[in-house]
Amino acid sequence: MPDADRNARSGELPLAGRTVLGIFAHPDDESLACGGTLARLADAGARVIVMCASRGEAGSICDPSLVPDGDSLGSVRARELRDAAAILGVAEVIVLDHPDGDLRWDHVAELHAEIVLMLERYRPDAVITFAEDGLYWHLDHIGVHERTSTAVLSLGAAAPPLYYVTMREGVMPKVVAAALAKGGAPPDSSFWGIAADAFGHGAKPPTFSIDVRDWVPRKLAALRCHRTQMGPHNPIAWINDDEAREWLGAEQFRRAPIDATGEPLLEHFGEIQHAD
């Protein structure tokens, strides 16, 4: 039985009264990067808030019929995000309207100020965002990493602990292999046109990982809420819960080296990683 279930039965939620703020670039980033951790934190009593810098309007679309006439991809993706957040137990979703594809270069001061405002408004006990590699060197993700890092640093001694999420190199090719082994995934399966071996390539190693195997079914369900992004060419559409537990059952983090006053939070759920 997951720890959160045992705690709920006994009336004890270890993170009751705590707030965790996740800051990402596009709808679906939250589920792919650390959906299992967000769900685990929520189950432990934390108030989880997800802030998304854009609506993802420049993203791919697997089936044009998913965007009705008179609607826009950005609006549909924002709704998909809220559906995914509900599955993960996210308490609040904030969707900004910065230009998808230009998050590293455009409206830099405005995005910085908005993140600072959210930090001051919610006073999170922990902040989660992308590591320097942006999962797979996506420039929007790198821009959000930079804006979040500078915003947290600007709070000085009042800064909350900041955690960078990344992926182990080699994990996503195994997801592709598992999907192809089922015999239904197309030979050209990819993640939104991104080569599987780009995930985690050149990333700094994590210092701890969080076991989310018991939360992987919700991570998968949340990812599949992002229907415009999850067509038959996406390997995640083909793997089952057991396969996902094997390859996506650990989420990787590194705490930013800043002088934060808050006590460690994610580390309570983590296992220390040692260099290979």
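## Model and confidence

This is a predicted model, in which local features need pLDDT of at least 70, side-chain atom pairs count only at pLDDT 80 or more, and totals for chains, interfaces and linings use all residues. Residues are numbered from 1 along each chain as its sequence is written, and side-chain values use heavy atoms, without hydrogens and water.

Mean pLDDT (the predictor's confidence in each residue, from 0 to 100) is 91 for the protein. A value of 70 or more is reached by 94% of its residues. Residues 3-10 stay under 50. For that stretch the model has ten contacts (heavy atoms within 4.5 Å) beyond four places in sequence.

## Largest pocket

The largest pocket holds about 290 Å³ of space. A pocket here is an open set of points on a 1 Å grid over the protein atoms alone, where a 1.4 Å probe fits, with protein on both sides within 12 Å along at least five of seven lines. Its volume is the space filled by probe spheres set on the points, which are joined across faces, edges and corners.

The lining has 19 residues, each with an atom within 4 Å of a point. Closest to the centre are Val-171, Trp-247, Leu-248, Ala-250 and Gln-252. Two or more residues come from each of α2 (29-43), α7 (171-181), α9 (241-248) and β7 (250-255). Helix α9 gives the most, with four. These elements are DSSP runs, numbered from the N terminus: helices are H or I, at least four residues, and strands E, at least two.

## Ser-149

Ser-149 sits in helix α6 (residues 139-153). Its relative accessible area is 9%, so Ser-149 is buried (under 20%, with a 1.4 Å probe and protein chains only). Beyond its neighbours within four places in sequence, Ser-149 contacts Leu-162 and Tyr-164.

Conventions. Buried means under 20% relative accessible area, exposed over 50%, partly exposed in between (1.4 Å probe, protein chains only).
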